[in-house]
Amino acid sequence: MRTDLRFGLIGWGYWGPKIARNLDGLSNVSVTMVADLDQSRLASIAVNQPWIKTTTDFHDILNSDVDGVVIAAPVRAHYQLAKEALLHDKHVLVEKPLTASVAQAEELIEIARQRNLILMVGHTFEYSPAVNELRKLVQNGDLGKIYCVEAERVNLGLFRSDINVIWDLAPHDISILLYLFGKAPESVKVQAHAHLQSHICDIAHLDLEFADQMTAHVHVSWLHPCKIRRVTVIGDARMVVYDDTNPSEMIKVYNKGADVHADPVVSYRHGAITIPHIDWVEPLRLECEDFVNSIRTGNQPRANGEVGLAVVRVLEAAQAALEKQEAINTAVTVH
C-alpha cells in the first residue's frame with residue numbers, strides 16, 4: 001500500500017487552488033503538477049508555488065508519475081479528461097457534476113471498475129459536518145415522516161456561458177437530497193427562464209416527486225440580490241433549517257408543526273428551537289481525505305462514481321423537462 005501520493009490538477013480556476021491547498025495539507029500527499037490553458041494562472045503558480053510543475057498540455061500530467069488526477073475543468077470536458085486519466089491508470093476526482101450525460105458517467109464507472117481505480121466526484125456538501133448532522137436527524141427519525149424539502153441556492157452571478165444554472169448550481173442540492181434520504185426521485189418537473197443570455201437559463205425551479213409522496217423543491221439562480229444557501233426539511237414531528245451562510249447556527253431544529261385531529265380541524269404546535277453543536281471541519285478537506293484514503297485502502301469513497309451517476313440522472317431528467325417546456329412555450333401563443 002502506497003503512503004506517499006502525488007497528484008496532478010487539471011484546471012487552476014476557482015476550485016483548483018482550493019483543492020491543492022487541502023491536498024497539500026494532508027500527510028505524505030503533494031500536488032506536483034498543474035495543467036491550465038491560461039498562461040497567467042500558470043505564471044502565478046511559478047511565483048507562489050515554484051515547486052509545482054506547470055503545463056498547458058494535460059497529457060503531460062497523464063504521462064507523469066502522479067497517482068491521481070483532479071479535474072476542475074468546465075463540465076463539457078469532464079468526460080474526456082476523466083476517461084483519458086483512467087486509461088492512463090490514474091485515480092480520478094472530478095468536480096461536480098461528474099459528466100454531462102448519464103451514458104458518459106456509466107462509461108467512466110465501468111472503466112474505473114475494470115482497471116480497479118478510484119473514481120470520485122466533488123460533491124463537497126456530502127462532507128459538510130452540518131449536512132451530516134442534518135442527515136442524522138433525518139435517518140434517526142427525529143423529524144418524523146418527511147413531507148417536503150425546500151432548497152434554495154441563489155446569488156448574483158457567476159454567470160456561465162457553457163452550461164445553464166441547473167447544471168451549475170443544482171448538483172449541490174440534488175446531491176444533498178440524495179445523500180439525506182438515500183433515494184432518487186421518480187419524476188422531475190422544471191420551470192426555468194433565460195433573462196440575460198439567450199437559451200441559457202439563469203433562474204430555475206425544480207420539483208422532485210418521490211415514491212413515498214415526499215416532494216422537494218429546488219430553486220437556483222444566478223440573478224438574485226442576496227446570497228442564500230438554505231435547505232428546509234418539513235417533517236410531521238419537527239422541522240429543520242440548514243443555512244450554509246450562517247456559521248454559528250447552521251442547523252436549527254424547530255419543534256413545531258401542524259396536526260389534524262378531526263378533519264378539517266388543524267391544530268398547531270409551537271415548541272423550542274434547538275441548535276445542535278457542530279464540530280466544524282472544512283468539507284473540502286474531508287473530501288480530499290476521503291479521496292486519498294480510498295486510493296490507499298481500495299475502499300470506495302462516499303461520493304463515488306455511482307453517487308455521481310445518480311445526480312447526473314436527475315440533472316439529465318431536468319434538462320429533458322426543460323427542453324420539453326421550451327418546446328411547448330415556442331409552440332403556444334397566448335392572445
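In this predicted model, the largest nonpolar core brings together 106 residues, and Leu23, Ile166 and Leu206 have the most contacts inside it. Helix 7, which runs over residues 165–181, gives this core its largest share, with 12 residues.

Ile166 makes a handy place to start exploring the core. Once its neighbours within four places in sequence are set aside, Ile166 is in contact with Pro171, Val190, Cys201, Ala204, Leu206, Leu315, Ala318 and Leu322. One of these partners, Leu206, is itself among the residues with the most contacts inside the core.

Stepping back to the whole chain, the secondary structure comprises nine helices and 14 strands. Of the contacts between residues at least 6 apart in sequence, 66% join residues at least 24 apart. The overall dimensions can be followed on the C-alpha trace, which spans about 70 × 55 × 40 Å along its principal axes. The radius of gyration is 21 Å, which agrees with the value near 20 Å for a compact globule, because that is what 335 residues would give in such a form.

Turning to burial and surface, 50% of the 335 residues are buried. The chain exposes about 16,000 Å², and carbon and sulfur atoms supply 51% of that area. As for charge, there are 31 positive and 42 negative side chains. The centres of these two sets lie 3 Å apart.

Methods
Residues are numbered from 1 along each chain as its sequence is written. This is a predicted model: local features need pLDDT of at least 70, side-chain atom pairs count only at pLDDT 80 or more; totals for chains, interfaces and linings use all residues. Side-chain values use heavy atoms; hydrogens and water are left out. Helices (H or I, at least four residues) and strands (E, at least two) are DSSP runs, numbered from the N terminus. The radius of gyration is taken over C-alpha atoms; the globule rule is 2.2 Å times the number of residues to the power 0.38. Buried means under 20% relative accessible area, exposed over 50%, partly exposed in between (1.4 Å probe, protein chains only). Contact means heavy atoms within 4.5 Å. Accessible areas come from the Shrake-Rupley method with a 1.4 Å probe; for residues, only the protein chains shown count as cover. Lys and Arg count as positive and Asp and Glu as negative; His and the chain ends are not counted. The place of a charge is taken as NZ of Lys, CZ of Arg, CG of Asp or CD of Glu. A nonpolar core is a set of buried Ala, Val, Leu, Ile, Met, Phe, Trp, Tyr and Cys residues joined through side-chain atoms within 4.5 Å.
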